[in-house]
Amino acid sequence: MPDPDQQLVEACQAASEQEFEEAYRQLFALYQDRVFTICLRVTGNREDAMDAAQETMITLARRIRDFAFRSRFSSWVYRIAVNAAIDSRRRRLDSPRAGIHTSVGSAEGEHHLNQVAGETESSNPVVEVARTEDQQLIQNALSRLNPRFSALLVLRYMEGLTYEQISEVQECSLGTVKSRLNRAHTALRELLQHSGYDPTDLPL
């Protein structure tokens, strides 16, 4: 099955330096909300999510010419976003980004991400649900888990990826995905139980 993003990706890969910004702008618009949302879910706070999302979009711009369609482009984007979010949880990245001359590295690109952040917090139905007490407990627990477990749970239950898609994102076997998810479930249930939440209510 052809990659739905192939035409846009190939346009970026074939673009001259002068044409690249416009070609990449279309992919940026397509993925900016998804990237921010997954970063927000993995990091647990807006500041780190913004940092990780900005890093993700810059990395995509820098490395897109090396993408060889050995996986779906969307899986590659998720992989980069998850890794950036995990890194952002482990350390605060305060240094300014430099060296990329596309909209993503400009004030305009940052404005787009800020706009998505606001829209995600105010209008995304997943975020609306996350404002309930039970969902807040779950998000708090996710932010305390091993970040790789958090990322797996976010991909499966908040982003709705299948086991096969997660396998592609994580570059591991289906058996490994299932094993890691089982461990993530156990860790999350234990944290929730300690917080006074009945883990039998957990929709996993």
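Below, each label is held up against its definition.

Tutor: First, some ground rules: residues are numbered from 1 along each chain as its sequence is written, and side-chain values use heavy atoms, with hydrogens and water left out. This is a predicted model, where local features need pLDDT of at least 70, side-chain atom pairs count only at pLDDT 80 or more, and totals for chains, interfaces and linings use all residues.

Student: How many helices and strands does the protein have?

Tutor: The secondary structure comes to 10 helices and 0 strands. Helices (H or I, at least four residues) and strands (E, at least two) are DSSP runs, numbered from the N terminus.

Student: What makes the pair Phe-20 and Tyr-24 stacked?

Tutor: Rings of Phe, Tyr and Trp (its six-membered ring) pair if their centres lie within 6.5 Å; planes under 30 degrees apart count as stacked, over 60 as edge-to-face and the rest as tilted. By this rule the count comes to 6 aromatic pairs. For Phe-20 and Tyr-24 the centres are 5.6 Å apart and the planes are at 10°, so this pair is stacked.

Student: Where do Phe-20 and Tyr-24 sit relative to each other in helix H2?

Tutor: They are 4 residues apart in H2 (residues 17-43), which means about one helical turn separates them.

Student: How do you know that the charged end of Arg-156 sits over the ring of Tyr-163?

Tutor: The rule is that NZ of Lys or CZ of Arg must be within 6 Å of the ring centre and within 35 degrees of the ring normal. The charged end of Arg-156 is 4.8 Å from the ring centre of Tyr-163 and is listed as sitting over that ring. Arg-156 also lies over the face of Tyr-157, at 5.6 Å from the ring centre.

Student: Why are the buried residues Ile-166, Ser-167 and Val-169 of H9 said to be on the same side of H9?

Tutor: In helix H9 (residues 163-170), Ile-166, Ser-167 and Val-169 are buried. They cover an arc of only 165° around the axis, so they are on the same side of H9. That arc is taken from the directions from the helix axis to the C-beta atoms.

Student: What covers the buried residues of H9?

Tutor: The cover includes helix H4 (73-90), helix H8 (147-158) and helix H10 (174-194).

Student: How do H4 and H9 pack?

Tutor: Their angle is about 65°, with the axes 8 Å apart. Axes are lines fitted to C-alpha atoms, for helices over the stretch in contact, and angles run from 0 to 180 degrees between N-to-C directions. The contact (heavy atoms within 4.5 Å) is made by Ser-75, Tyr-78, Arg-79 and Val-82 of H4 and Gln-165, Glu-168, Val-169 and Gln-170 of H9.

Student: Is Glu-171 buried or exposed?

Tutor: Its relative accessible area is 59%, so Glu-171 is exposed. Glu-171 lies in the loop between H9 and H10, and has a positive phi of about 55° although it is not a glycine.

Student: What makes Leu-188 buried?

Tutor: Leu-188 has a relative accessible area of 3%, so it is buried. Leu-188 lies in helix H10, and its C-alpha atom is separated by 9.2 Å from that of Leu-153, 35 residues apart along the chain.

Notes: Buried means under 20% relative accessible area, exposed over 50%, partly exposed in between (1.4 Å probe, protein chains only).
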